Amino acid sequence: MSEPARGPSAAAATGRIRRFTLPNGLRVVLAPEHGTGVCAVGLRYGVGFRSDPPGRAGLAHLLEHLMFRRRTRPGAPGATEPAGGYANAATGQDSTDFYHVVPAGLLGSALATQRGRMDAPPPDAAVLATELDIVAEEIRRNITGRPYGGFPKTVLPPLLYRTYANTHDGYGDMEALGHVTPQECRDFFERHHAPGNAVLTVIGAFEPLATRQLIERKFDDVPARPVPSWEAPCEPEQVTDRQGRHTDPLAPLPAVCVGYRLPDPVADLNGYLAHVLLAALVEQRLRERLVRRENRAVAVTAGCGLIGGAFAARHPVTLACTVTHTERMGAGEVRGALDTELAALAADGPAPDELRVVANRWISGLLRHHDAPHARVRALGAFELFHSDAALYERVPRLLATTSTAATAEAAARLRDAHRAVLTLAPQEPARRTQPPVPGP
């Protein structure tokens, strides 16, 4: 991770977005939205699944739970849980973020809540045990206990990648996490959750200068700590397609997921955005063909980013195309249909009208998602953390709208010629019931 600018004088403004950095390294993004009546506060750290140490899969996720529980600083004046609004947190591949949406008059309390999370989790074995139970229940509810719950986000990476950072299940290995000690949690916090490895974002109905002064008062006392360097995991070159099979006892129908490695979204943003639209084109074409015309599939999705969306991770990012199909269609036919569309797009590109419709639909979906204050505050924090440019949040729709058919065709040619991972999901047949013999006369 590049070292952020230091000192309160390190400030910049782009349009309505204002950015500055505290002496302890905490980067701050302010985006006033007058007349909304609410404020959203986000705190995003540059640590996620890929930072889990070997043998401790899910430790970053566990720290998210411990820090979310730590809402206030004991004894701190005014450190009360805000009334009203809502709060949540999430752990991704490369970041952990906490967000809070409150009535505008409670902005100070929301900031105090986030300030409390910047203190180390308490060394309490009972609290640790409680949060481990909660993590286990979350995994059961969202992954193992629902049809297609971990497909493809937890089962595709081990097939497509080779390094531990990219292949382990970051939601958590409960057997390994059962051996985690409070001291390990504190050490992980001290290493990864420094203020210089975080972005604090505030959007909504507030006055920028007064809010900056409030943030400086509340967060200046967080001691600076070394910021861990970040390098993309060094993945060996993929020299062949990889095939895998996953069995889901809860899935009613078979499915196929084809995964590709993508260009670095930071170093080659325009190339990456071309793949974002390519995924949308492939999804639309396969849905029209396999679901609507042939009636051999029931669902098609294609997108960049396995967890959190297209702009929620550093390199490497995955493009995954998933088709849930009927028994009348084989996995090879799904691959063939995908290859046909990629070949056609690589040879001719999309028609300008087709690309315009797909781009407009993708952009409108993004903007609808950002209608929610928590989605906006999270997106601003992610762009600042990963791209060092929160204002990219406002430019991405225009960049997508101006992506050319030639760039999209080039992206299709890249995937057409790339090695990939093909993961098939098979429903597990329930055990046949043995009928008791009918008694004779």
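Because the model is predicted, local features need pLDDT of at least 70 and side-chain atom pairs count only at pLDDT 80 or more, while totals for chains, interfaces and linings use all residues. Residues are numbered from 1 along each chain as its sequence is written, and side-chain values use heavy atoms, with hydrogens and water left out.

Start with an open sheet of five strands. Its order is β8-β12-β9-β11-β10, and its pairing is mixed. Helices (H or I, at least four residues) and strands (E, at least two) are DSSP runs, numbered from the N terminus. Two strands pair if DSSP finds at least two bridges between them. The edge strands, β8 (242–248) and β10 (297–304), each pair on one side only. Neighbouring strands of the sheet are turned by 15° against each other on average, direction ignored. Axes here are lines fitted to C-alpha atoms, for helices over the stretch in contact, and angles run from 0 to 180 degrees between N-to-C directions.

β10 and β11 are antiparallel and share seven bridges. A299 stands opposite T324 in β11. Helix α9 lies across both β10 and β11, running at about 175° to β10.

Buried means under 20% relative accessible area, exposed over 50%, and partly exposed in between (1.4 Å probe, protein chains only). In soluble globular proteins, nonpolar side chains tend to be buried together. What does Y272 touch, leaving aside its neighbours within four places in sequence? Y272 is in contact (heavy atoms within 4.5 Å) with L262, P263, P265, C304, A310, F311 and V317.

Now turn to helix α14, residues 405–417. Its 13 residues reach 18 Å from first C-alpha to last, close to the 18 Å expected at 1.5 Å a residue. The expected span is 1.5 Å times one less than the number of residues. T408, A409, A411, A412, A413 and L415 are buried in α14. These buried residues pack against β9 (255–261), α9 (269–293), β11 (318–325), α10 (331–348) and α11 (352–369).

Elsewhere, strand β5 (residues 86–91) runs antiparallel to strand β6 (residues 96–103), and six bridges join them. A hairpin of four residues connects the two strands. A90 stands opposite D97 in β6.

Two single residues end the walk. R376 sits in helix α12 (residues 373–387). Why does R376 count as buried? Because its relative accessibility is 13%. Its side chain reaches the backbone oxygen of H370 at 2.9 Å. Leaving aside neighbours within four places in sequence, R376 is in contact with E33, I203, H370, D371 and Y393.

A198 belongs to strand β7 (residues 198–204). A198 counts as buried because its relative accessibility is 0%. Not counting residues up to four places away in sequence, A198 touches L26, R27, L43, R44 and Y45.

Conventions. Polar contact = N/O pair within 3.5 Å; in protein donor to acceptor, adjacent residues only side chain to side chain.
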